[in-house]
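This report describes selected features of one protein model.

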Amino acid sequence: MIFSFMKVVILNKSDATGGAAVVSRRLLEALRGEGVDAQMLVCEKLTDSPFVELAANPKDIKFKFLLERLKIYIATGCNRKNLFKIDTGEEGLPLWKNPLVKEADAILINWVNQGMLSLKGFEKILKLGKPVICTMHDMWNLTGICHHAGKCINYKKECGECPLLEKLASSNDLSHKIWIKKNLIYNNSQLNRQLAFVPVSNWLKNKALESSLLKSQRIEVIPNPFSLNINDPSISLSGDLTRTNSKTPTRILFGAARLDDPIKGLDTLRETSKILKEKYPDIAKNLELALFGNIKNPANLEGFALPLIRLGVLSDEKEVRSAYQKSQIVVSASSYETLPGTLVEAQAYGCIPVSFNQGGQSDIVENGVTGFIAEYSDDPETRAENLAIAITRAYEIAREETVYEKMKQEMRKSVEEKFSYKEIALKYVALIKKLS
């Protein structure tokens with residue numbers, strides 16, 4: 001309990017919904033595991049953790065959420081299309097008044113959009129004179145209003161001409177106006193002395209260094225923590241070894257909160273399945289594809305050239321573990337990912353990760369050693385072809401038990417060294433001390 005003197009509060013919209021929520025709760029557990037008196041404030045509490053509290057009463061939370069959505073709806077010309085791809089930080093709860101924030105030695109601000117924390121509230125938290133760490137799970141801190149810039153590079157200047165604003169885009173549009181507000185706060189020397197931004201991957205760090213907002217700020221990469229109890233006998237590094245013989249299919253696992261979110265690349269995966277069947281028939285006949293997560297339009301699951309298994313939404317850790325342990329390969333076909341947790345989970349549970357290098361994947365996967373990286377292409381056919389080749393390489397490893405076991409050990413070692421609770425907790429503690 002060497003850090004029991006330290007009080008930390010983590011701010012995040014939820015403690016369970018979404019990737020940022022899951023890893024924020026893991027960070028809470030990691031810090032507490034090192035003796036830090038860590039608590040978490042949320043707008044949506046779905047777990048029974050005694051260390052997670054609601055940031056306000058439910059009516060106030062809902063009001064702020066609806067008010068900000070209404071303002072964005074009006075500001076975008078009553079266009080619903082990109083309503084949840086934009087956040088302005090114009091509305092929020094008075095978190096600087098919350099006892100956990102007031103009493104904390106350090107404040108960790110994670111994903112706090114959709115009416116949880118406004119830019120004005122962020123400024124008031126900075127005025128408390130405590131170390132403040134903004135953990136970046138996406139690009140919102142470095143852009144005007146978007147969470148992922150995609151192909152837009154206007155964040156390198158001062159935003160404006162925002163693609164998400166469509167016909168309302170201009171040099172002085174909503175994205176530029178919010179950029180100005182962020183810039184005034186970030187570059188206030190009286191406020192930013194104890195402020196740091198923590199991108200969870202080197203890819204995101206490079207985006208921050210390119211940006212006009214964060215290029216001169218204190219930036220330090222700390223990845224998300226991942227917990228795997230190596231003493232738990234129910235956890236197997238070998239997966240389901242009975243599936244590696246020639247008579248049983250090799251299972252490819254693909255999952256997302258929403259499978260047909262355009263970012264996740266379901267269309268690319270469909271085309272990849274067709275290429276596998278057409279160009280690699282001897283391999284394709286031994287493959288099956290298992291999908292987990294929600295889907296908005298079930299028709300998007302039609303047209304796959306491999307046997308398809310729907311696992312639905314995996315609601316608890318046992319179901320997640322089972323899905324990985326019955327698989328040998330995990331594929332990410334995303335057009336970009338900050339630090340894809342499915343690839344870390346794949347390695348931890350003995351599955352070979354296959355992914356494009358369109359984000360933080362290279363922080364996780366060493367090509368050919370702890371998984372396979374496919375070259376991304378803007379051409380859909382080339383992209384699918386490259387992914388298919390990477391899958392065949394993973395398949396060849398998965399069918400050779402001795403080689404497969406060696407890769408599993410390398411993957412597990414990588415997870416322990418890069419993403420263990422202790423490693424990540426100590427990095428946060430060190431940064432807090434630096435800022436104090």
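## Cysteines

Cys43 is buried, with a relative accessible area of 12%; buried denotes under 20% relative accessible area, exposed over 50% and partly exposed in between, for a 1.4 Å probe and protein chains only. The model is a predicted one, in which local features need pLDDT of at least 70 and side-chain atom pairs count only at pLDDT 80 or more, while totals for chains, interfaces and linings use all residues. Residues are numbered from 1 along each chain as its sequence is written, and side-chain values use heavy atoms, with hydrogens and water left out.

A disulfide is taken as a pair of cysteine sulfur atoms within 2.5 Å, and by this rule the count is zero. Cys43 takes part in no disulfide, and the nearest cysteine sulfur, in Cys134, is 16 Å away. For Cys152, the closest cysteine sulfur is that of Cys162, at 6.4 Å, which is too far for a bond. Cys152 is also buried, at 18% relative accessibility.

## The buried side of helix H4

Helices (H or I, at least four residues) and strands (E, at least two) are DSSP runs numbered from the N terminus. Helix H4 spans residues 119-126, and its buried residues are Leu119, Gly121, Phe122, Ile125 and Leu126. These residues lie on the same side of H4 because they cover an arc of only 155 degrees around the axis, the arc being that of the directions from the helix axis to the C-beta atoms. An α-helix has 3.6 residues a turn, so residues three or four places apart point the same way.

The cover over the buried residues of H4 includes strands S1 (7-11), S4 (106-109), S5 (132-136) and S6 (195-199), together with helix H5 (174-186); contact means heavy atoms within 4.5 Å.

## Packing of H7 and H12

Helices H7 (residues 266-279) and H12 (residues 380-398) pack at about 65 degrees, with axes 8 Å apart. Axes are lines fitted to C-alpha atoms, for helices over the stretch in contact, and angles run from 0 to 180 degrees between N-to-C directions. Among the contact residues are Ile275 and Leu276 of H7 and Leu387 and Ile391 of H12.

## Positive phi angles

Cys78, a residue other than glycine, has a positive phi near 60 degrees. Cys78 sits in the loop between helices H2 (58-75) and H3 (99-103) and is partly exposed, at 46% relative accessibility.

Gln114 likewise has a positive phi near 60 degrees. Gln114 lies in the loop between S4 and H4 and is buried, at 16% relative accessibility.
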